[in-house]
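Dear colleague,

Please find the structure below, followed by an account of what was found in it.

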Amino acid sequence: MPRVASVATAVPPYEYDQAYVKRQYAQLHRSNPDMLSALSILDHSGVEHRYLCFPTEYYKAGHTFERRNRDYIEQALVLGERAIRACLEHARAKSEQISHIILVTTTGLATPSLETMLIQRIPLPLTVQRTPLFGVGCAGGVVGLARGMEFLRGRGQDLALLVSVELCGQTFDPTDQSKLAVVAVSLFGDGAAAVLLAGDDHSFSGPRYVGSHSVLFPDSLDIMGWDFTDNGMRLVLSRRLPALVKRLLPEVITGFLAEHGLCREDIGYWMFHPGSAKVLDAIEHSLGLPEEKLAWSRQFLRHYGNLSSASVLFILHDVIRRGAPRPGDYGLLVAVGPGFSAELVLLRW
């Protein structure tokens, strides 16, 4: 089966701690008592630090959607290129060996799509197969990983690149005085991740692909996503999300593991997309997992915030780099996204 050969990440230069973000946001909305009273949301999000592409003044300026999207493309290419180069260097792989690239994003728009531009910046072969993925939101990292692994089945000599680039900060609108705007400010950051995937004939030592699973839940289109407005993209996030995760996810995970002759106790590394502290709490309680099993996701959320589709790939990078998995250990990547959907990928070292 195909395997993960290398993972690398990239973050922008501006690091913000949550206390600073709260002070700046309070100053921006100092004349609105309702917004000020909602600021306590930032204290309970599980986020302590994050990285963004621009200084504070940029976000306060209220740039047009056109300007923010143009800046998104520019900065996404910078971060994406950094992540790709680091990923290839770590694996000692050459860019001309890549036969397929998957680019996942949901925080900006580009036509031609970003991977088309990255192919020429790296450069990759002009004959490389391309799969741009947009609109799968926070589930995109897991979706992209599954599609990349499926592409490599039966292609033992091939290498594929999965790239996730998310600049959530570009969706910030200083005129939005909704409670959901406060939720977004409490959570989101910017970053990129690249994963090199290898067919069977390669001798990399990373975890092998075991299987994947997707499920779309009916009558749930309003749970999460974006509204596209004259001022840009505005978050859609239902208060019902933690309850739905708690009710629906255990059966999905248990059933998927059973298909592979496994149970929850067989998973050594749980890599959940950390949508928020509340969502992680719902996952932990509904699955009956010990607190330490969600440590990778909670630690990521604390240091980077929610990076949408890139989040689980950052966590996979941390597990490979610092988790010391042993041969035979299983790892499960899980994310929920717009639709409302759940996406799972099972790996084995």
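At 2% relative accessibility, Asn 306 counts as buried, a term used for residues under 20% relative accessible area, whereas exposed means over 50% and partly exposed lies in between (1.4 Å probe, protein chains only). This is a predicted model, in which local features need pLDDT of at least 70 and side-chain atom pairs count only at pLDDT 80 or more, while totals for chains, interfaces and linings use all residues. Residues are numbered from 1 along each chain as its sequence is written, and side-chain values use heavy atoms, with hydrogens and water left out.

Asn 306 is placed in the loop between α10 and α11 (311-322); helices (H or I, at least four residues) and strands (E, at least two) are DSSP runs, numbered from the N terminus. A polar atom of the Asn 306 side chain lies 3.1 Å from the backbone oxygen of Gly 275. Such a polar contact is a pair of N or O atoms within 3.5 Å; within protein, one must be able to donate a hydrogen and the other to accept it, and residues adjacent in sequence count only if both atoms are side-chain atoms. Not counting residues up to four places away in sequence, Asn 306 touches Cys 138, Cys 168, Leu 187, Phe 188, Gly 189, His 273, Pro 274, Gly 275, Leu 301 and Ser 311, where contact means heavy atoms within 4.5 Å.

The loop between α10 and α11 also holds Ser 308. Ser 308 has a positive phi of about 50° although it is not a glycine, and at 4% relative accessibility it counts as buried.

**Ser 297**

Ser 297 belongs to helix α10 (residues 295-304). With a relative accessibility of 0%, Ser 297 counts as buried. Its side chain reaches the backbone oxygen of Phe 272 at 2.7 Å. Leaving out residues up to four places away in sequence, the residues that Ser 297 touches are Trp 270, Met 271, Phe 272, Pro 274, Leu 280 and Ile 315.

Arg 264 is found in the loop between α8 (241-259) and β11 (267-272). With a relative accessible area of 23%, Arg 264 is partly exposed. A polar atom of the Arg 264 side chain lies 2.9 Å from the backbone oxygen of Leu 287. Residues up to four places away in sequence aside, Arg 264 touches Pro 250, Thr 254, Leu 257, Trp 270, Ser 286 and Leu 287. From C-alpha to C-alpha, Arg 264 and Gln 18 are 34 Å apart in space, and they are 246 residues apart in sequence.

Gln 24 lies in helix α1 (residues 18-28) and, at 19% relative accessibility, counts as buried. Apart from neighbours within four places in sequence, Gln 24 is in contact with Thr 56 and Lys 60. Gln 24 and Glu 57 are 33 residues apart in sequence, with 9.9 Å between their C-alpha atoms.

**Backbone geometry**

Most residues other than glycine have a negative phi, and most peptide bonds are trans.

- The peptide bond from Thr 111 to Pro 112 is cis, with omega near 5°; Pro 112 is in the loop between β4 (98-105) and α5 (114-121).
- The peptide bond from Gly 339 to Phe 340 is also cis, with omega near -10°; Phe 340 is in the loop between β12 (330-337) and β13 (341-348).
- Arg 92 is not a glycine, yet has a positive phi of about 55°. Arg 92 lies in the loop between α4 (65-91) and β4 and is exposed, with a relative accessible area of 79%.

**The protein as a whole**

The protein contains 11 helices and 13 strands. Its radius of gyration, taken over C-alpha atoms, is 19 Å, close to the 20 Å that the globule rule (2.2 Å times the number of residues to the power 0.38) gives for 349 residues, so the protein is as compact as a globular protein of that length. The C-alpha trace spans about 65 × 45 × 35 Å along its principal axes. Of the 349 residues, 59% count as buried. Among contacts between residues at least 6 apart in sequence, 79% join residues at least 24 apart.
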